[in-house]
Amino acid sequence: MNEEGIVLLENGVAMPLQGFGVWRIKDGEETRAAVEKALRVGYRSIDTAAVYGNERAVGKAVRESGIPREELFIATKVWNQDQGYEGTLAAFEESRKKLGLERLDLYLVHWPVPGRYRETWKAMEKLYREGLCRAIGVSNFQVHHLETLEASEIKPMVNQVELHPLLTQMPLRDHCSRKGIRMEAWSPLMQGNLNLKVLLELGEKHGKSPAQVVLRWHLQNGIVAIPKSTHKHRIEENFRIQDFHLEPEEMARIEDMNRDHRFGPDPENFSF
């Protein structure tokens, strides 16, 4: 992957801008095969979570790939019911065991569970200090959640949220930029809802699919994106976005698509 495909987190750790997600991919052979395809195409960053139930299959694919461990970036997340200080430490050990890895590249707090996530963050800091994960961060945190962690010794390095052309998250992106927190997008392809005029026009102009246009928009904004698929041709297509460039006015057209529309849960109204 060339230099354009890498970003440095606040602590200097290099993170690929193009990642592969495994949400809702069935555990076992389906996940193992999908990750294998992604790694063969060129992905080096894999994102999973304890609640996905497929960490073992991710770990199996990683081990069988033959790719040196230092070339890979593996992330997972602590689930809501496991949050709290001791619960998070235990959940981390369970995820590490399932993945078969001594150290994780990124560990995230999956959701800002009221009354628990600050104790969870203290456990995350301990894991980081002990060198068990190269970076720590959060997922689905809004500005006010992040502000409650500002007094922490170690700040979140990543915030993974739903982010795409219909939900551009500009206030949150601005806040994270000021605080040195890297934005990461889940559901970057709007769960396949890509049949939109601007994306179709830009795709036709560049000879690319709407999905490639959206992922290129993420990349040029410095937003890590983790699309998922089990289909080889889509996995390949989603990765092949290095050979074209969106002009500033084209980037602005995509930004103007924002409708603050969510396809996933709202962190402010999530059933914890």
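The legends below accompany close-up views of a predicted model of one protein chain.

View 1. Taken along the principal axes, the box filled by the C-alpha atoms is roughly 55 × 40 × 35 Å.

**View 2. Burial, contacts and surface of the chain.** Of the 272 residues of the protein chain, 56% count as buried. When contacts between residues at least 6 apart in sequence are considered, 76% of them join residues at least 24 apart. The accessible surface of the protein chain comes to about 12,000 Å², and 48% of this surface belongs to carbon and sulfur atoms.

**View 3. The largest pocket and its lining.** The largest pocket holds about 760 Å³ of space and is lined by 35 residues, of which Trp23, Ser187, Pro188, Gln191 and Lys228 lie nearest its centre. Helix 9, which spans residues 232–239, gives the most to this lining, with three residues. By class, the lining of the largest pocket divides into 16 nonpolar, 13 polar and six charged residues.

**View 4. Serine 187, a residue with positive phi at the largest pocket.** Serine 187 is one of the residues that lie nearest the centre of the largest pocket, and its place in the chain is the loop between strand 9 and helix 7 (197–206). Although serine 187 is a residue other than glycine, its phi is positive, near 50°. The relative accessibility of serine 187 is 11%, and because buried means under 20%, this residue counts as buried.

**View 5. The second largest pocket, with helix 6 and strand 9.** About 220 Å³ of space lies in the second largest pocket, whose lining is made up of 16 residues, with Arg173, Ser177, Ile181, Arg182 and Met183 lying nearest its centre. The elements that give two or more residues to this lining are helix 6 (170–179) and strand 9 (182–186), and helix 6 gives the most, with five residues. The lining of the second largest pocket divides into eight nonpolar, four polar and four charged residues.

**View 6. The cavity and the residues around it.** The structure holds one cavity of 30 Å³ or more, and the volume of the largest cavity is about 60 Å³. Its lining consists of Leu17, Gln18, Tyr43, Leu215, His218, Leu219, Ile223, Ala225, Pro227, Asn238 and Ile241. Helix 8 (residues 210–220) supplies the largest share of this lining, three residues. The lining of the largest cavity has eight nonpolar and three polar residues, whereas charged residues are absent from it.

**View 7. Asparagine 140, a buried loop residue with positive phi.** Asparagine 140 is found in the loop between strand 7 (136–139) and helix 5 (143–147). Its phi is positive, at about 65°, although asparagine 140 is not a glycine. With a relative accessible area of 3%, asparagine 140 is buried.

Note on methods. Residues are numbered from 1 along each chain as its sequence is written. This is a predicted model: local features need pLDDT of at least 70, side-chain atom pairs count only at pLDDT 80 or more; totals for chains, interfaces and linings use all residues. Side-chain values use heavy atoms; hydrogens and water are left out. On a 1 Å grid over the protein atoms alone, a cavity is a set of points where a 1.4 Å probe fits but cannot get out, and a pocket is an open set with protein on both sides within 12 Å along at least five of seven lines; lining residues have an atom within 4 Å of a point. Grid points are joined across faces, edges and corners, and a volume is the space filled by probe spheres set on the points. Helices (H or I, at least four residues) and strands (E, at least two) are DSSP runs, numbered from the N terminus. Ala, Val, Leu, Ile, Met, Phe, Trp, Tyr, Cys and Pro count as nonpolar, Asp, Glu, Lys and Arg as charged, and the others, Gly among them, as polar. Buried means under 20% relative accessible area, exposed over 50%, partly exposed in between (1.4 Å probe, protein chains only). Contact means heavy atoms within 4.5 Å. Accessible areas come from the Shrake-Rupley method with a 1.4 Å probe; for residues, only the protein chains shown count as cover.
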